[in-house]
Amino acid sequence: MQDAAGAVVAFEHVTKRYGRSGGPPAVDDLTFTVAAGEICVLVGPSGSGKTTTMKMVNRLIEPTSGRITIDGQDVMSLPAVELRRRIGYVIQQVGLFPHLTVAENIAVVPGLLDWDKPRIRTRVEELLDLIGLEAGSYADRYPAELSGGERQRVGVARALAADPPVMLMDEPFGAVDPIRRDRLQNEFLRLQDKVGKTVIFVTHDVDEAIKMADRIAILQRGGTLAQYDAPAAILAEPASEFVEHFVGADRGLKRLSLNRVSDLELTRPIVVRAGDDRAAARGRLRDGDGAGYALLVDAEGRPIGWIDDDELAGDGTITADAARAGAVTVEPETTLRDALSALLGSSVMLGVVVDERERVIGLVSVESISDRLRKAGSPT
Amino acid sequence: MNADEPFIRFDWIIDNLGQIGQRLGEHVLMVVASVLIGFVISFGLALLARSHRWTYGPIIAVTSTLYAIPSLALFVLLIPITGLSLTTGIVALVLYTLLILVRNIVVALDGVPPEVVEAATGMGYGPLQRFWRVELPVATPVIVAGLRIATVTTVGLVAITTFIGLGGLGYLIINSGTRRFFPTSIYVGVALCVVLAVVADLLLLWLQRRLTPWAAAQGR
Amino acid sequence: MELFGQGIAWLADPANWTDPRNGIFLRLWEHVSLSAAALAAAIAIGLPIGVWIGHTGRGATAVIAIANIGRAVPSIGWLGIVFPLTLVAFGRGGLGFVPSVIALTALGIPPIVTNAYAGMREVDADLVEAGRGMGMREMDVVRQVEIPVALPVILAGIRVSAVQIVATATLAAIVGGGTLGDFIIQGIFVRALDRVVGAAILVAILAILTELAFSLLERRAISPGIRRGGQAAPIEPGGVALPRVAG
Ligand SMILES: Nc1ncnc2c1ncn2[C@@H]1O[C@H](COP(=O)(O)OP(=O)(O)OP(=O)(O)O)[C@@H](O)[C@H]1O
Ligand SMILES: [Mg+2]
């Protein structure tokens with residue numbers, strides 16, 4: 001099935017006041033347009049109205065005034081349940097139904113839409129494949145039998161099930177640890193490359209916003225829009241003192257988040273495997289420019305760890321436990337900022353770039369990152 | 001019952017206030033005695049279950065089985081042993097409190113967060129001091145919750161002891177009420193049982209709030 | 001122990017089972033049919049109420065307060081309350097089955113209502129919102145999300161109610177409802193302890209079987225995804241119910 005591309009989502013003078021009386025607005029006169037197929041990240045301090053703004057799109061909250069359109073059609077013109085079945089929805093706590101299997105969870109919206117069984121089954125398999133979970137071993141598991149990251153991926157698959165043009169995601173990666181969050185972000189970006197949805201994504205993490213967004217909407221207390229622009233533009237020219245403060249004093253460093261590992265020219269590591277001859281490996285290490293280290297990988301080409309000259313001394317073959325230290329891995333979608341901080345934290349100061357299957361595709365070093373920055377003009 | 005017998009005869013109530021009061025007194029006495037004795041025994045059993053974990057299963061199995069015996073039958077069955085006496089009634093009532101109380105005391109003590117116990121140990125409490133000063137107070141709300149259920153249950157059960165010549169308010173419900181088709185007596189008995197249960201429940205709730213002011217938000 | 005032997009002996013005598021006017025088979029049938037009718041009625045009344053107040057939160061305080069007072073009414077009290085009313089309504093025909101079913105139903109409702117309410121309330125608000133956000137109607141949310149997730153607690157309430165009804169059905173004998181309790185009442189009056197013990201054993205077995213049957217049902221009906229593991233919950237007033245001794 002060819003996934004439908006995104007739709008244009010437009011906010012026109014949208015205001016929301018909670019309660020009956022005319023209290024202060026939670027969202028105040030928002031006007032902005034999210035282009036089809038773009039990721040728009042709503043970011044701002046707690047209570048600035050991010051969630052409220054997002055939930056008005058699928059009418060879990062109804063605006064007090066103003067209107068929201070999807071491809072020109074007012075969301076209020078459709079019955080709420082029909083509207084919601086055409087909008088993907090992912091929340092922080094994932095909200096997978098614990099009594100349903102992975103496959104059944106993904107099948108919820110198609111079921112509500114009365115798809116026939118074979119069509120649902122095909123779609124579920126397609127989606128599991130898309131999020132990289134093998135249908136054979138995952139389809140019949142219950143959410144309690146998944147890791148936090150897997151649950152999150154299933155949550156995304158569930159939201160994509162009926163192929164909605166628009167996805168709403170409220171702090172979808174808020175509850176996972178930083179390393180796994182980086183993975184999930186990368187995976188979602190790869191997914192988005194394939195599906196091209198219009199995504200409205202809520203976070204309070206500026207770094208996440210810079211990494212994920214095509215365009216960032218910064219909200220401030222009182223629910224007004226402080227700035228709406230591409231990440232690079234926001235970093236280069238914050239529209240107000242509030243934005244400057246919110247984005248942080250380390251804007252220069254944050255610009256590192258605008259570039260990804262895939263923007264670098266990767267070097268090739270000297271790769272050795274268990275069973276290789278030690279003497280031959282020593283020779284390759286001396287001839288190459290691997291900074292004195294060889295990378296030990298397993299049979300699938302996944303990194304195990306680094307080996308230096310000393311550990312290669314002697315005769316015979318290399319054993320699988322010869323690696324001295326674990327290798328830091330990054331993915332092509334990892335931002336240079338995250339890559340740099342990972343490298344600085346490792347003893348070898350080299351990062352192994354791996355693909356989705358964790359196979360080695362190259363190396364990054366602190367030098368390669370700083371070269372790239374010099375070429376791009378040093379950050380302010 | 002005659003067709004013209006009214007459901008409530010206030011004149012009878014007024015004429016028999018003395019008798020009603022006496023039955024109420026009996027009822028309260030049996031409830032208090034059974035719950036107190038039951039609590040002491042349950043506390044011992046709970047401590048045993050916690051120090052020798054393997055005993056917990058058998059204790060729960062035995063108390064659950066006791067719980068499944070119809071009360072009417074249990075009272076009668078005790079007659080050959082303890083006769084038609086107050087003892088018979090109390091013994092049976094005590095047996096029925098054990099399941100709820102033991103289970104709640106064990107669950108309550110198990111529920112004390114390990115970090116609290118560890119902190120107390122770290123601060124230099126000995127095992128006994130730690131139990132009385134830290135674990136027991138933290139466990140009190142759940143223990144009192146068990147006491148509340150046990151008490152309300154016992155208020156209802158005392159009524160059945162009518163069949164062995166006791167009964168408290170049960171006498172009003174069964175002997176002078178149902179057997180003689182005299183609704184006034186039934187309704188007085190039932191109403192007082194309900195009032196007694198509610199009052200006892202509120203008293204225990206109040207007690208728990210006094211004992212654990214920090215847990216004020218929990219009780220219902 | 002000697003008494004216990006007498007009870008077993010009484011149970012072992014086939015003549016005690018087959019007497020068409022006062023046999024164990026007859027009383028057992030009365031006991032089971034009375035219990036089943038009362039349980040069915042208690043579920044039919046209690047479950048929709050509990051689910052509704054659990055879903056909406058409306059009227060919960062009042063309903064739960066009534067249910068708690070209901071629990072404070074002694075089991076014998078329900079029979080006492082109901083039977084003069086049915087006597088007036090149906091005359092002598094009002095003795096026996098009808099007041100017993102009504103009383104047992106009244107007794108069975110509170111645990112079903114409180115557990116259904118507590119179970120529904122316990123369902124994570126995020127799940128409900130996830131359901132709504134995906135385009136479920138209110139009825140879909142109740143049927144596809146809240147009830148399945150609350151099922152362990154809901155079924156526990158029905159189990160408690162069933163065990164309680166089976167145990168209390170004994171008391172129906174007092175108002176002419178027959179049941180195994182009849183042997184106990186007879187035994188008290190004619191001092192025939194063998195049949196008291198025998199009937200008590202049967203009722204206890206029946207109660208335990210009921211408990212087991214419902215545990216099995218729970219195991220089959222509850223999704224493996226939400227089997228509750230971990231720590232036992234305490235027994236709380238107004239919370240999840242435990243059977244009370246009766247009859
Ligand atoms: N249901 C509600 N009723 C009343 N006020 C609400 C409600 N939901 C949110 N608010 C208020 O509206 C404002 C915006 O809330 P919102 O949840 O949209 O903030 P947010 O930006 O998502 O915050 P956070 O980062 O903490 O999730 C807050 O002041 C909040 O207290
Ligand atoms: Mg929010």
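## Two meeting places in a predicted model

View 1. Domain 1 of chain A and domain 2 of chain A bury about 920 Å² between them, with 40% of it on carbon and sulfur atoms. Buried area here is the accessible area (1.4 Å probe) that two parts lose on being put together, summed over both. On the domain 1 side, Arg183(A), Asn186(A) and Arg190(A) lose the most area to domain 2 of chain A, together 54% of what that side buries. This is a predicted model, where local features need pLDDT of at least 70 and side-chain atom pairs count only at pLDDT 80 or more, while totals for chains, interfaces and linings use all residues. Residues are numbered from 1 along each chain as its sequence is written, chains are lettered from A and ligands numbered from 1 in the order in which they are written, and side-chain values use heavy atoms, leaving out hydrogens and water.

**View 2. Stepping back to the domain layout.** Chain A is split into domain 1 (9-254) and domain 2 (262-376), with bounds that come from an automatic or database domain assignment. Their centres, taken over C-alpha atoms, are 36 Å apart. Domain 1 of chain A puts 9 residues into the contact and domain 2 of chain A puts in 8; contact means heavy atoms within 4.5 Å.

**View 3. Salt bridges between the domains.** Domain 1 and domain 2 of chain A share 4 salt bridges, each a side-chain nitrogen of Lys or Arg within 4 Å of a carboxyl oxygen of Asp or Glu. Glu331(A) and Arg183(A) pair up this way through their side chains (2.9 Å, N to O). On the side of domain 1 that touches domain 2 of chain A, the elements giving two or more residues are α8 (178-195), α9 (206-212) and α12 (251-255) of chain A. Such helices are DSSP runs (H or I, at least four residues), numbered from the N terminus. The largest share of that side, 4 residues, comes from α8(A).

**View 4. Chain A meets chain C.** Here 22 residues of chain A are in contact with 20 residues of chain C. The two chains bury about 1,800 Å² between them, and carbon and sulfur atoms give 67% of that. In chain A, look for Phe97(A), Pro98(A) and His99(A), which lose the most area to chain C, together 30% of what that side buries.

**View 5. A charged pair across the chains.** Between chain A and chain C there is 1 salt bridge. Lys55(A) and Glu129(C) meet in a salt bridge through their side chains (3.0 Å, N to O).
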